[in-house]
Amino acid sequence: MQTPKLLPWYARKAGVTIERATTLWQQAVREATAATGWVGNSEYWGEAMSAFQRLLEAERASFCAPRVTPMVRCQNRLWRLPLTAMEDMVSVFHANWQRHAGTPRKAA
């Protein structure tokens, strides 16, 4: 049985091993065969792919690992906020300095 070429990508995205993803793919194919009654048409492959993604999501939800990545990203953005504001202020001061000090003014 052939597996999708993107199976390693789906496995890595869900955080499961490739062997476990292959097992889930085989289960999805069995479910698609039972649901559609046909093998090889577009409806069958669509059903197999949706069942595979559903099984991967269920497998991912069964992990006990907390999802801390969004919290760390938020904290990183909050930590960089004063630095970003200071960088903006320095660029404004620099542009103002260049505008006023760069060209001599003529008397009217």
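This report covers the fold, core, aromatic pairs and selected residues of a predicted model.

## Basis

The model is predicted: local features need pLDDT of at least 70, side-chain atom pairs count only at pLDDT 80 or more, and totals for chains, interfaces and linings use all residues. Residues are numbered from 1 along each chain as its sequence is written, and side-chain values use heavy atoms, with hydrogens and water left out.

## Overall fold

The protein chain has 4 helices and 0 strands. Its elements run α-α-α-α from the N terminus. Helices (H or I, at least four residues) and strands (E, at least two) are DSSP runs, numbered from the N terminus.

Of the 108 residues, 19% count as buried. Buried means under 20% relative accessible area, exposed over 50%, and partly exposed in between (1.4 Å probe, protein chains only). The chain exposes about 8,900 Å², and carbon and sulfur atoms supply 61% of that area. Accessible areas come from the Shrake-Rupley method with a 1.4 Å probe; for residues, only the protein chains shown count as cover. Among contacts with a separation of 6 or more, residues 24 or more positions apart account for 48%. A contact means heavy atoms within 4.5 Å.

## The nonpolar core

The largest nonpolar core has 17 residues. Val16, Ala21, Trp25, Phe52 and Leu56 have the most contacts inside it. Helix H1 (7-14), helix H2 (18-36) and helix H3 (42-61) each supply at least two residues of this core. Such a core is a set of buried Ala, Val, Leu, Ile, Met, Phe, Trp, Tyr and Cys residues joined through side-chain atoms within 4.5 Å. In soluble globular proteins, nonpolar side chains tend to be buried together.

Leucine 56 touches Tyr10, Ala14, Val16 and Leu24, not counting residues up to four places away in sequence. Under the same exclusion, glutamate 59 touches Val16, Arg20 and Leu24. Glutamate 59 lies in helix H3. It counts as buried, at 17% relative accessibility.

## Aromatic pairs

The whole structure holds 5 aromatic pairs. Rings of Phe, Tyr and Trp (its six-membered ring) pair if their centres lie within 6.5 Å; planes under 30 degrees apart count as stacked, over 60 as edge-to-face and the rest as tilted. The rings of tryptophan 9 and tyrosine 10 have centres 5.2 Å apart and planes at 65°, so this pair is edge-to-face. Tryptophan 9 is partly exposed, at 41% relative accessibility. Tyrosine 10 is buried, at 16%.

Tryptophan 25 and phenylalanine 52 also form an edge-to-face pair, 5.5 Å centre to centre with 85° between the planes. Tryptophan 25 lies in helix H2 and phenylalanine 52 in helix H3, so the pair ties together parts that are 27 residues apart in sequence. Both residues are buried. Ring pairs link Trp9, Tyr10, Trp25, Tyr44, Trp45 and Phe52 into a cluster.

Valine 29 sits in helix H2. It is buried, at 8% relative accessibility. Its C-alpha atom is separated by 8.2 Å from that of tryptophan 45, 16 residues apart along the chain.

Valine 39 sits in the loop between H2 and H3. At 62% relative accessibility, valine 39 counts as exposed. Leaving aside neighbours within four places in sequence, valine 39 is in contact with Thr33 and Tyr44. Valine 39 and valine 29 are 10 residues apart in sequence and 9.2 Å apart in space, C-alpha to C-alpha.

## Helix H4

Helix H4 covers residues 69-101, which is 33 residues. At 1.5 Å a residue it should span 48 Å. The expected span is 1.5 Å times one less than the number of residues. The end C-alpha atoms are 47 Å apart, which agrees.

H4 bends by about 40° at leucine 81. A proline, proline 82, follows within four residues. The bend at a residue is the angle between axes fitted to the seven residues ending there and the seven starting there.
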